[in-house]
Amino acid sequence: MSSTPDTPAWIRHRAAELNRNCGPCSLCCRVFTITKPASIAHPRDVWCRFAEPGGVGCRQYRRRPKVCREFACQWLFDGDFASYWNPSESKMVIRRANYPTDADPMTTILHVDPDFAGIWREPPWYPDLCERIGRGERVWIVERGQHYELVQVGPEFQAAMQALAKLVDAEIAASLAPSAEAAEAKTPPAIS
Ligand code: SF4
Ligand code: SF4
């Protein structure tokens with residue numbers, strides 16, 4: 001999918017200003033569930049049967065359906081997302097929305113390539129997401145059939161989680177340590 005004459009003019013204009021285009025990317029032909037038209041229907045995380053990522057992109061580019069011609073991911077036309085958000089590099093397709101009303105905070109939704117699950121935890125993306133949350137935005141991850149919202153936790157929560165992890169480690173270590181009885185039973189008999 002890409003910015004074409006069917007894409008709203010302002011989106012094409014912004015994409016041109018930013019000098020951005022789809023290039024070899026076709027990740028949006030994989031990460032969404034498409035039910036209509038039937039000719040390209042596919043579940044989330046399954047490539048559309050016409051997709052040729054890294055190659056021509058779409059094998060029916062000139063005849064691709066309206067839903068494809070009209071779609072443009074957020075990175076393509078939004079300078080608020082730096083170049084490292086290019087889906088070819090980030091392995092994430094961005095959508096933005098105010099949910100559920102315009103009065104609610106701006107929400108960034110990341111649809112992650114299932115082959116790169118968890119990539120959003122890495123720099124430069126993770127610090128970027130933290131900054132967005134810090135300024136009041138919401139961030140949702142859609143990944144391998146799961147949806148979750150990223151939240152920032154305070155230092156008290158982090159300290160409590162570290163203490164809990166130490167407790168669990170200590171319990172595991174204790175359960176694995178051989179008892180004195182077992183150690184004795186394993187002592188080989190003396191040979192005279
Ligand atoms: S995810 Fe964005 S950059 Fe990639 S093909 Fe779709 S619209 Fe183009
Ligand atoms: S028809 Fe082409 S543009 Fe549309 S989802 Fe399939 S591969 Fe992508």
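Visitor: Why is Asp45 called partly exposed?

Guide: A residue is buried if 20 or more other C-beta atoms, placed from the backbone, lie within 10 Å of its own, exposed if 12 or fewer, and partly exposed in between. Asp45 has 19 C-beta neighbours inside 10 Å, so it counts as partly exposed. Asp45 is found in the loop between α1 and β1, and its phi is near 70 degrees, a positive value in a residue other than glycine.

Visitor: What kind of model is this, and how are its parts numbered?

Guide: The model is predicted: local features need pLDDT of at least 70, side-chain atom pairs count only at pLDDT 80 or more, and totals for chains, interfaces and linings use all residues. Residues are numbered from 1 along each chain as its sequence is written, while chains are lettered from A and ligands numbered from 1 in the order in which they are written.

Visitor: What makes Asn19 and Arg49 exposed?

Guide: Asn19 has 7 C-beta neighbours inside 10 Å and therefore counts as exposed. Arg49 has 12 such neighbours, so Arg49 counts as exposed too. The phi of Asn19 is positive, near 60 degrees. Between the C-alpha atoms of Arg49 and Arg30 there are 9.6 Å, although the two are 19 residues apart along the chain.

Visitor: Which elements make up the chain?

Guide: The chain has seven helices and six strands; helices (H or I, at least four residues) and strands (E, at least two) are DSSP runs, numbered from the N terminus. Their order from the N terminus is α-β-β-α-α-α-β-β-α-β-β-α-α. Of the 192 residues in the chain, 20% are buried.

Visitor: What makes the strands a sheet, and which of them lie at its edges?

Guide: Two strands pair if DSSP finds at least two bridges between them. Four strands form an open sheet with mixed pairing, in the order β3-β4-β5-β6. The edge strands are β3 and β6, each of which pairs on one side only. From one strand to the next the twist averages 20 degrees, where axes are lines fitted to C-alpha atoms, for helices over the stretch in contact, and angles run from 0 to 180 degrees between N-to-C directions. Helix α5 (residues 125–134) packs on the sheet and touches β4, β5 and β6, its direction making about 140 degrees with that of β5.

Visitor: How do you know that β5 and β6 pair?

Guide: The two antiparallel strands are joined by five bridges, and the definition asks for at least two. Trp140 stands opposite Glu149 in β6, and Glu143 has Gln146 as its bridge partner there. The hairpin of β5 and β6 has two residues between the strands, and Arg144 takes a positive phi near 45 degrees in it.

Visitor: Why is β6 said to lie largely in the open?

Guide: Strand β6 has five residues (146–150), and the number buried is zero, so the strand lies largely in the open.

Visitor: What makes a group of residues a nonpolar core, and which members touch the most others in the largest one?

Guide: A nonpolar core is a set of buried Ala, Val, Leu, Ile, Met, Phe, Trp, Tyr and Cys residues joined through C-beta atoms within 7 Å. The largest has 25 residues, of which Cys28, Cys73, Leu76 and Val93 touch the most other members. At least two residues each come from α3 (74–77), β3 (92–98) and β4 (106–112), and α3 gives the most, with three. Leaving aside residues up to four places away in sequence, Val93 touches Leu27, Cys28, Val31, Cys73, Pro87 and His111; contact requires C-beta atoms, placed from the backbone, within 7 Å.

Visitor: Which residues come nearest to ligand 1, and how is its shell divided?

Guide: A residue is near a molecule or strand if its C-beta atom, placed from the backbone, lies within 6 Å of it. Around ligand 1 there are 13 residues, with Cys22, Cys25, Cys28, Cys73 and Pro87 nearest. Ala, Val, Leu, Ile, Met, Phe, Trp, Tyr, Cys and Pro count as nonpolar, Asp, Glu, Lys and Arg as charged, and the others, Gly among them, as polar. The shell around ligand 1 thus has 11 nonpolar, two polar and no charged residues.

Key:
Two residues are in contact if their C-beta atoms, placed from the backbone, lie within 7 Å.
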